[in-house]
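Please look over the sequence and the model together, and keep both in view while reading the paragraphs that follow.

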Amino acid sequence: MTVETYRIDHAPAYAGLTLQLKAGETMVVESGAMATMDSCITLKSKMKGGLLQGLGRMLGGESLFLSEFTAEGRPGQLYVCPGVPGDIEHYCLDGSRSLLIQSSGFVAARPTVTIDTQFQGMKGFFSGESLFLLRATGTGDIWFSSFGGILEVPVTGDYVVDTGYIVAFEDSLNYSVEMLGGLSLQGLRTGILGGDGLVCRFRGQGKVWIQTRRLHNLINFLEPFRPVKSSDSLTSGFSLLKFLGSFFR
Amino acid sequence: MEFDLLKRPDSTVVHVSLSPHEEILAEAGAMVAMSGHLQAETTLRKGKGGGILGGLKRMLAGESIFLSTFRSGNSPGDLYLAPKLMGDVCHVGIGSTGSALGGSGSGLVVQSTGYLASTPGVVVDLGFQGLKSFFSGESIFWLDISGDGVVFLSSFGAIYEIEVDGSYVVDTGHIVAFEKTLTFTVTKAGGSWLNAILGGEGLVMRFQGHGKLYCQTHNAGAFGQLVGSQLPAREA
């Protein structure tokens with residue numbers, strides 16, 4: 001009989017990850033993501049891979065520290081929940097290719113998996129997204145999360161994804177960030193994150209995971225509801241206009 | 001053209017498979033991912049109605065919507081479309097497509113944020129429901145949907161249908177769309193204005209006639225006020 005090592009519940013809205021640890025087994029978890037655990041599990045917070053890698057991860061939007069959870073003496077159960085409600089997906093690294101993950105998407109991994117940041121440079125996801133991706137190499141299981149549901153898209157040839165919807169992809173794919181003029185709203189709308197027609201074009205063979213919602217859309221929606229600092233009548237009149245204008249978007 | 005609704009009911013996304021030389025119209029910004037060769041074009045659509053009165057109506061109503069068209073060209077392709085907020089998507093047949101799907105096929109009036117996408121046979125116009133909709137405090141313009149095809153509606157929260165025969169009352173923040181066979185007036189919910197305001201039910205839409213209503217379980221405006229008012233103030 002095979003014992004399940006992990007389970008994802010309540011997807012796609014409120015996915016939580018249950019990990020079954022054998023005695024002595026360790027899991028690396030995003031710092032702060034542990035929700036509940038058996039009392040035999042001990043926590044060790046550490047900068048995995050030393051200070052430089054830790055700093056790299058922090059730049060990547062993840063926290064500096066990753067937590068290591070180890071089942072001491074007997075098997076135990078660990079319940080991990082990402083900070084943002086959404087979905088969780090599992091991937092198994094076989095050593096032949098690595099996985100690139102959107103910077104805030106890491107949830108948990110086996111200790112045999114190495115997590116680094118990869119600076120994207122000018123090619124990066126500069127549409128209000130992070131400039132960094134996390135690169136997972138090595139072998140073993142890794143779990144990543146999204147806002148909204150996660151869909152697996154097998155790419156053969158040429159596929160385009162809005163940069164804000166990318167969760168993860170295999171590095172067997174070539175990618176380039178470009179602007180699709182046909183999708184651009186720049187000059188038409190202002191103050192909106194995204195909507196600038198920036199897409200990531202993937203080429204080759206491999207898998208891409210996309211999320212069905214993006215956090216920026218929620219932020220954009222809430223923006224006009226924020227209270228407005230008014231300093232004098234002129235600016236408050238202007239802000240009223242802006243507020244009214246926000247209805248017309 | 002084939003489509004699928006995935007990740008229902010809270011993070012619903014529409015997966016559309018296009019045959020060669022097909023196209024689909026969607027709200028701008030709805031595209032999540034698509035085949036690399038699809039051609040996309042975004043245009044600003046303005047309301048109809050000429051003359052001073054038409055122009056004035058448009059100005060008051062702020063009627064304009066950005067719509068993107070996706071064309072497959074010579075080879076088949078697929079794309080994913082998602083609404084902006086958490087919630088569901090449903091599809092409604094219009095015209096003879098609607099009758100074939102077992103519905104009435106009646107044209108729809110859709111709240112502007114309730115529109116996600118439509119097939120090419122569907123005519124999307126910017127309708128004007130008069131100043132009454134302005135005073136309802138909700139989204140100011142409505143889309144007038146007619147023609148023949150399928151339209152995708154999106155909701156904040158879940159979406160549910162109500163068959164109206166006679167009259168029916170809906171809170172202004174919970175309406176997604178209604179069939180054109182219905183007419184509405186904006187009115188107060190309680191017996192007196194004081195009652196209506198203190199009761200927190202402000203204004204409601206009173207529908208008359210025979211037809212279908214599409215409602216959403218949550219009120220996006222109320223949610224926005226609840227969360228937004230607690231965020232730090234922004235610079236004017």
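Is Thr69(B) buried, partly exposed or exposed? In this predicted model, Thr69(B) has 15 other C-beta atoms within 10 Å, and because a residue counts as buried only with 20 or more such neighbours and as exposed with 12 or fewer, Thr69(B) is classed as partly exposed. The residue belongs to strand E6 of chain B, which spans residues 64-71, and when residues up to four places away in sequence are left aside, Thr69(B) touches Glu23(B), Leu25(B) and Glu41(B). His210(B), by contrast, lies 141 residues from Thr69(B) along the chain, and the C-alpha atoms of these two residues are separated by 34 Å.

Turning to chain B as a whole, the chain has five helices and 18 strands, and buried residues account for 42% of its 236 residues. Of the contacts in chain B between residues at least 6 apart in sequence, 77% join residues that are at least 24 apart.

In helix H2 of chain A, which runs through residues 215-222, the buried residues are Asn217(A), Asn220(A) and Phe221(A). Viewed down the axis of H2(A), these buried residues fall within an arc of 100 degrees, and therefore they line one face of the helix. An α-helix has 3.6 residues a turn, so residues three or four places apart point the same way. As for what covers the buried residues of H2(A), the covering elements include helix H5 of chain B, residues 220-228.

Terms used. Residues numbered from 1 in each chain as written. Chains lettered and ligands numbered in written order. Predicted model: local features only at pLDDT ≥ 70, side-chain atom pairs only at ≥ 80, totals over all residues. Helix = DSSP H or I, 4+ residues; strand = E, 2+ residues; numbered from the N terminus. Contact = placed C-beta atoms within 7 Å. Arc of directions from axis to C-beta.
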